[in-house]
Amino acid sequence: MEFAELIKTPRVDNVVLHRPFMPTVEGTLCLTGHHLILSSRQDSTEELWLLHSNIDSIEKRFMGSLGTIIVKCKDLRIIQLDIPGMEECLNIASSIEALSTLDSVSLMYPFFYRPMFEVIEDGWNTFLPEHAFKQIETLTDEWRLSSVNKDFTVCPSYPPLVAVPKFIDDDTLRKVATFRHAGRFPVLSYYHKKNGMVMMRAGQPLTGTNGRRCKEDEKLINATLRAGKRGYIIDTRTINVAQQAKARGGGFEQEAHYPQWRRIHKAIERFGILQESLIKLVEACNDQSHNMDRWLSKLEASNWLTHVKEILTTACLAAQCIDREGASVLVHGTEGTDSTLQVTALAQIILDPGCRTIRGFQSLVEREWLQAGHQFQQRCAQSAFSNSKPRWEAPVFLLFLDCVWQILRQFPCSFQFNEHFLVLLFEHAYASQFGTFLGNNANERVKLKLPQKTVSLWSWVNRPQVEERFLNPLFEANSLVIWPSVAPQSLLLWEGVFLRWNRSSKCLDEAYEEMVHIIEYNKELQSKVNALRRQLAQLETEDGLLQTP
């Protein structure tokens, strides 16, 4: 298919652009296969380059011969294009709708993007499973990397290499895979070097109504326990939902077959409810009524912060079992690709200071989201404005980033990266020139040949001049476990995402930057004061004075 077939009118002059925080611009609107571009002849005016894949929906309005297109983006931006001529406006709108809803992944911009920068470090090879496992090998010899899934036949959504208990052979893994949802047998997610406890993740066991049993599964899970130790199974569903899953062939671990494990149910909502929550939240944030009571009522009705609290609470529970109870943990829900990954990734943020560095966080996203099989292509197909009925879309990854932001806000000196880095990941998960978030799992990325045909986001982020934009000036390495508060008063709306296109948020961003400048200035001032004190003390000693300044 040629992109030209979808572009009815490639260019229109005298188009007026309205966008947040920027002056109105009149210029020429051009449509290409991947971008909507508006350029002006005014030298001081910044051009608009908008990826079609970033467009969630459009609305058309007409007044006489003047047409207006409201473009609502997946990054929650709303822009307005005033286009002279009804026919031109209809043609532009029709073309945008066609170009922003292409089904073929191979037609997306990352396959056509050619970087203007030199790729010094190939991000596709920076965070491979074998690299992460080398760190574990320095701490313990109880685990091994298995290539049982090298051709993706055992589990289509797992990577080719997975970490499993050393004395569990590949034949046992194949049998366990038939007992777990979509073949997602238990694999190592995290090793806690403080006490040797581990966190694993998996899909639900397929016990069904007959209470099916798998001794190989029991053997694998028990192989992670130390002598005399118990473990915890954290199921991210309510007990009722887990019981109902039996009728569809799913289920949960029976106490009689897993006597050394205690099962805990912590309810985290699934994708349909989460998508509805995001839509309500964004609607509340764009409410123009300026009525505080109404706004707060809408915000509460969205239940967004309730979901944040549920996820953080469950992650804290997993971390507490490992660090304070000295017990290993297995986490799963139904598929093991959504709420499971939210919990395992956040628990590592709490437990492991390495995950709070900018590189460590990239590694975490690779391990616990991309390689672990989170379905980015499906979950991020729509954002909050789409007119289509949601199918598989859900802000699962955005909720995870929101939870990280909540912890970062409570521990502002414990993270090497800043809020802008989290916002960047949100934006690129929904629309990007890089191939990192394309596809639903490692299997699909191999078939699409993404490492050969696209550029990794990490190749760009890890360039020194780019990385410095995302560094937190308040960072001081903290080797301790950090325990975030989940009290309602401790959880705030993430204004940097949900209100950043509103005027009030702009003021808050400016205030934050001013605060950082003040803190940096105070640090510098304090350093000078301390130096003066040392000089004064030295002078007094030399003069034989015994007073302390």
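## Overall size and make-up

The radius of gyration is taken here over C-alpha atoms, and the rule for a globule is 2.2 Å times the number of residues to the power 0.38. With 549 residues, a compact globule would have a value near 24 Å, and the chain has 26 Å, which agrees. Along its principal axes the C-alpha trace spans about 85 × 80 × 50 Å.

This is a predicted model, in which local features need pLDDT of at least 70 and side-chain atom pairs count only at pLDDT 80 or more, while totals for chains, interfaces and linings use all residues. Residues are numbered from 1 along each chain as its sequence is written, and side-chain values use heavy atoms, with hydrogens and water left out.

The chain holds 19 helices and 14 strands, where helices (H or I, at least four residues) and strands (E, at least two) are DSSP runs numbered from the N terminus.

## Surface, burial and charge

Of the 549 residues, 53% are buried, a word that stands for under 20% relative accessible area, with exposed meaning over 50% and partly exposed in between (1.4 Å probe, protein chains only). The accessible surface of the chain comes to about 25,600 Å², and 51% of that belongs to carbon and sulfur atoms; such areas come from the Shrake-Rupley method with a 1.4 Å probe, and for residues only the protein chains shown count as cover.

There are 60 positive and 64 negative side chains, with the centres of the two sets 7 Å apart. Lys and Arg count as positive and Asp and Glu as negative, whereas His and the chain ends are not counted; each charge is placed at NZ of Lys, CZ of Arg, CG of Asp or CD of Glu.

## Contacts and nonpolar cores

Among contacts (heavy atoms within 4.5 Å) with a separation of 6 or more, 70% are made by residues 24 or more positions apart. A nonpolar core is a set of buried Ala, Val, Leu, Ile, Met, Phe, Trp, Tyr and Cys residues joined through side-chain atoms within 4.5 Å.

The largest nonpolar core has 91 residues, and those with the most contacts inside it are Phe361, Phe397, Phe400, Phe421, Leu425 and Phe498. Apart from this core lies another, of 26 residues, including Val12, Val25, Ile79 and Ala93. Leaving aside neighbours within four places in sequence, leucine 425 is in contact with Phe361, Val365, Phe397, Leu401, Phe437, Leu457 and Trp458.

Isoleucine 221 is found in helix α4, residues 215-222, and is buried, with a relative accessible area of 0%. Not counting residues up to four places away in sequence, isoleucine 221 touches Arg180, Pro186, Met200, Tyr258, Trp261 and Leu330. Its C-alpha lies 8.9 Å from that of methionine 200, 21 residues away in sequence.

Leucine 312, in helix α8, likewise counts as buried at 0% relative accessibility. With residues up to four places away set aside, leucine 312 touches Cys403, Gln406, Ile407, Val486 and Leu491. The C-alpha atoms of leucine 312 and proline 484 are 8.2 Å apart, although 172 residues separate them along the chain.

Asparagine 14 is placed in strand β1, residues 11-19, and, beyond residues up to four places away, touches Glu26, Gly27, Asp82 and Pro84. Between its C-alpha and that of histidine 192, 178 residues along the chain, the separation is 61 Å.

Phenylalanine 21, in the loop between β1 and β2 (22-31), has a phi near 65 degrees, a positive value in a residue other than glycine; phenylalanine 21 is partly exposed, with a relative accessible area of 23%. Asparagine 303, in the loop between α7 (292-302) and α8 (304-323), also has a positive phi of about 65 degrees although it is not a glycine, and is partly exposed at 36% relative accessible area.
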